[in-house]
Amino acid sequence: MQLLLIRHGTAEDVAPDGDDARRSLTKAGRDEMKEVATGLRALVDSIDVIAASPLLRAQQTAEIVAHAYGDLNVETVQSLRPGSDLSVLADWLARQASAKVVAVVGHEPHLGLLVTWFMTGAGNSRVVLSKGGAALLEFTSRAAPGSGILQWLLDKHALRRLGGKG
């Protein structure tokens with residue numbers, strides 16, 4: 001299985017109602033993510049499952065990526081919320097065992113912690129995904145702590161260039 005981890009695009013500083021979960025992507029963030037999604041398509045041919053944190057900016061980012069891959073259905077996964085227990089996401093991934101490529105959209109520092117944990121088993125982040133950035137991990141068996149192999153880690157600028165922009 002391959003796990004594509006994507007950080008949401010540039011979002012509003014504060015939601016109109018002050019609720020962090022309701023922060024929306026900016027227009028520039030939406031436009032950038034469309035270009036990022038094109039770059040992702042140059043690196044990852046297909047996605048079998050795409051999931052996102054329930055926070056609005058992650059949902060919007062996932063919808064943009066899902067559209068670039070043929071309008072996939074976006075699953076909301078609570079364990080992609082910032083600060084969630086990493087093992088709960090590993091359990092969710094185990095239920096996706098038939099998928100070749102699973103994409104998840106979330107937040108920092110949670111995504112960086114997931115990448116580090118899956119690569120090394122360490123409980124502290126050694127990786128940072130910038131807004132609109134992504135990483136690809138590969139697992140030869142079940143996705144578990146210390147079992148992931150980092151294939152690449154790119155920021156939005158590199159992904160946009162791969163997509164012909166930026």
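Reader: What stands opposite Ile6 in strand 5?
Author: Ala134 stands opposite Ile6. This is a predicted model, where local features need pLDDT of at least 70, side-chain atom pairs count only at pLDDT 80 or more, and totals for chains, interfaces and linings use all residues. Residues are numbered from 1 along each chain as its sequence is written, and side-chain values use heavy atoms, with hydrogens and water left out.

Reader: How do you know that strand 1 and strand 5 pair?
Author: Pairing takes at least two DSSP bridges between two strands. Strand 1 (residues 2-7) and strand 5 have 5, and run antiparallel. So they count as paired.

Reader: What pairs strand 5 with strand 6?
Author: 6 bridges join strand 5 to strand 6 (residues 148-154), in the antiparallel sense. Leu137 stands opposite Leu150 there.

Reader: Why is strand 5 called largely enclosed?
Author: Buried means under 20% relative accessible area (1.4 Å probe, protein chains only). In strand 5 (residues 134-139), 5 of the 6 residues are buried, so the rest of the structure largely encloses it.

Reader: Why is helix 3 called roughly perpendicular to helix 4?
Author: The axes of helix 3 (residues 86-94) and helix 4 (residues 110-120) cross at roughly 70° and come within 11 Å. Roughly perpendicular covers 65 to 115 degrees, so helix 3 is roughly perpendicular to helix 4.

Reader: Which residues of helix 3 meet helix 4?
Author: Leu86, Ser87, Leu89, Ala90 and Leu93 meet His110, Leu113, Leu114, Trp117 and Phe118 in helix 4. Contact means heavy atoms within 4.5 Å. By class, this contact has 8 nonpolar, 2 polar and no charged residues.

Methods: Buried < 20%, exposed > 50% of the residue type's maximum accessible area, 1.4 Å probe, protein only. Helix = DSSP H or I, 4+ residues; strand = E, 2+ residues; numbered from the N terminus. Axes fitted to C-alpha atoms, helices over the stretch in contact; angles between N-to-C directions. Parallel < 35°, antiparallel > 145°, perpendicular 65-115°, else oblique. Nonpolar A, V, L, I, M, F, W, Y, C, P; charged D, E, K, R; others polar.
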